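This briefing covers the overall fold of one protein and the surroundings of one residue in it.

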Amino acid sequence: MTQSMNDTFNVSDYLNTPEDVKAYLQAALDENDPAFFIDALGVVARSSGMKALSEKTGLGYQSLYKSFGEGKHPRFETVFKVIEAMGLRFKLAS
């Protein structure tokens, strides 16, 4: 895929498989920046479809959009439910 000077990079264009999503979120976690991770999770949530995530999590569609808006700080419970709905799990490592 060739991008022209007028095209902007959109990471969601490259999240085509569950493995892509997992790798992207892991890279975001590896940055050790909570705001960066939340932003990345919001990108993934929007690219995978908020309506589907709403149904899987039991959280309201509008609530999810607001939770992952720019500068927002969603509750851990919301983050956890979204991660779980994507078929992923948190794992601690040392």
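Helices and strands are DSSP runs, a helix having at least four residues and a strand at least two, numbered from the N terminus. On that basis the protein, shown here as a predicted model, follows the pattern α-α-α-α-α along its sequence. Its radius of gyration is 14 Å, close to the 12 Å that the globule rule gives for 94 residues, so the protein is as compact as a globular protein of that length.

**Overall fold**
- The protein has five helices and zero strands.
- Taken along the principal axes, the box filled by the C-alpha atoms is roughly 40 × 35 × 25 Å.
- Of the contacts with a separation of 6 or more, 42% are between residues 24 or more positions apart.

- Of the 94 residues in the protein, 31% are buried.
- The accessible surface is about 7000 Å², and carbon and sulfur atoms account for 51% of that surface.

**Thr57**
- Thr57 belongs to helix 3, which covers residues 50-57.
- Thr57 counts as buried because its relative accessibility is 11%, and the cut-off for buried is under 20%.
- The side chain of Thr57 reaches the backbone oxygen of Leu53 at 2.8 Å.
- A polar atom of the Thr57 side chain also lies 3.4 Å from the backbone oxygen of Ser54.
- Beyond its neighbours within four places in sequence, Thr57 is in contact with Leu64, Lys81, Val82 and Ala85.

How values were computed: Residues are numbered from 1 along each chain as its sequence is written. This is a predicted model: local features need pLDDT of at least 70, side-chain atom pairs count only at pLDDT 80 or more; totals for chains, interfaces and linings use all residues. Side-chain values use heavy atoms; hydrogens and water are left out. Buried means under 20% relative accessible area, exposed over 50%, partly exposed in between (1.4 Å probe, protein chains only). A polar contact is a pair of N or O atoms within 3.5 Å; within protein, one must be able to donate a hydrogen and the other to accept it, and residues adjacent in sequence count only if both atoms are side-chain atoms. Contact means heavy atoms within 4.5 Å. The radius of gyration is taken over C-alpha atoms; the globule rule is 2.2 Å times the number of residues to the power 0.38. Accessible areas come from the Shrake-Rupley method with a 1.4 Å probe; for residues, only the protein chains shown count as cover.
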